[in-house]
Amino acid sequence: MSAACLFTHELESTFGQSWNPLSLSTSSYASFDQQIFLWAHVPIVIGLLLLAETGNRASIRYGLCVFAVVHVGLHWFYRNQPVYDFSSAASWVLILLAGIFGAAYLVPAKAR
């Protein structure tokens with residue numbers, strides 16, 4: 001569930017005008033924060049692919065759920081930035097659901 005919300009949120013992020021990494025407009029890569037946003041996804045995807053290669057699905061789930069919880073904090077931290085495009089109800093529902101489902105997975109996992 002957490003992964004589904006995160007992937008849907010990533011799809012939604014392509015609709016934003018100022019943070020759209022798929023836009024061919026030169027202004028889409030104008031700010032340093034936008035560059036960080038774009039390139040921060042590279043090590044995340046590499047990490048998930050490396051974990052997937054090892055076949056350890058529990059590690060993939062755990063890492064994705066940790067990221068989902070941290071992801072909520074990142075959005076909360078950046079919510080007042082002028083270029084922040086994720087202030088709609090749909091955005092926050094996806095962000096928060098990913099974090100909630102991630103936390104729900106992590107709590108029993110930590111108790112084991």
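Ser87 is found in the loop between α3 and α4, where helices and strands are DSSP runs numbered from the N terminus (helices H or I, at least four residues; strands E, at least two). This is a predicted model, in which local features need pLDDT of at least 70 and side-chain atom pairs count only at pLDDT 80 or more, while totals for chains, interfaces and linings use all residues. Residues are numbered from 1 along each chain as its sequence is written, and side-chain values use heavy atoms, with hydrogens and water left out. The protein chain has four helices and zero strands.

**Overall architecture**

- The elements of the protein chain follow the order α-α-α-α, starting from the N terminus.
- Of the 112 residues in the protein chain, 26% are buried; buried means under 20% relative accessible area, exposed over 50%, and partly exposed in between (1.4 Å probe, protein chains only).
- Contacts are heavy atoms within 4.5 Å; among those in the protein chain between residues at least 6 apart in sequence, 60% join residues at least 24 apart.
- The protein chain exposes about 7,400 Å², and carbon and sulfur atoms supply 71% of this area (Shrake-Rupley method, 1.4 Å probe; for residues, only the protein chains shown count as cover).

**Confidence of the prediction**

- The protein chain has a mean pLDDT of 75, with 69% of its residues at 70 or more; pLDDT is the predictor's confidence in each residue, from 0 to 100.
- Among the elements of the protein chain, the lowest mean pLDDT (71) belongs to helix α2, which covers residues 32–54, and the highest (88) to α3.
- Residues 17–24 have pLDDT below 50, although this stretch has 21 contacts in the model beyond near neighbours in sequence.
- Where pLDDT is low, the predicted coordinates should not be read in detail.

- The structure holds two aromatic pairs (rings of Phe, Tyr and Trp, the last by its six-membered ring, with centres within 6.5 Å; planes under 30 degrees apart are stacked, over 60 edge-to-face, the rest tilted).
- Trp76 and Trp92 form an edge-to-face pair, with 6.3 Å from centre to centre and 80 degrees between the planes.
- This pair links distant parts of the chain, as Trp76 belongs to helix α3 (residues 57–78) and Trp92 to helix α4 (residues 89–111), 16 residues apart.
- Trp76 counts as exposed because its relative accessibility is 52%, whereas Trp92, at 17%, is buried.
- Phe77 and Tyr78 also form an edge-to-face pair, at 5.0 Å centre to centre and 85 degrees between the planes.
- Phe77 is exposed, with 60% relative accessibility, and Tyr78 is partly exposed at 35%.

- His75 is found in helix α3 and is buried, since its relative accessible area is 8%.
- Not counting residues up to four places away in sequence, His75 touches His9, Tyr84, Phe86, Trp92 and Ile95; Trp92 is thus a neighbour of His75 and the pairing partner of Trp76.
- Ser87, by contrast, is exposed, with a relative accessible area of 59%.
- Ser87 and His75 are twelve residues apart in sequence, and their C-alpha atoms are 9.5 Å apart in space.

- Ser91 lies in helix α4 and is buried, with 0% relative accessible area.
- The side chains of Ser91 and Ser88 are joined by a polar contact of 3.1 Å (N or O atoms within 3.5 Å; within protein, one able to donate a hydrogen and the other to accept it, residues adjacent in sequence counting only if both atoms are side-chain atoms).
- Glu10 is found in helix α1, residues 2–13, and is partly exposed at 28% relative accessible area.
- Glu10 and Ser91 are 81 residues apart in sequence, with 9.9 Å between them in space, C-alpha to C-alpha.
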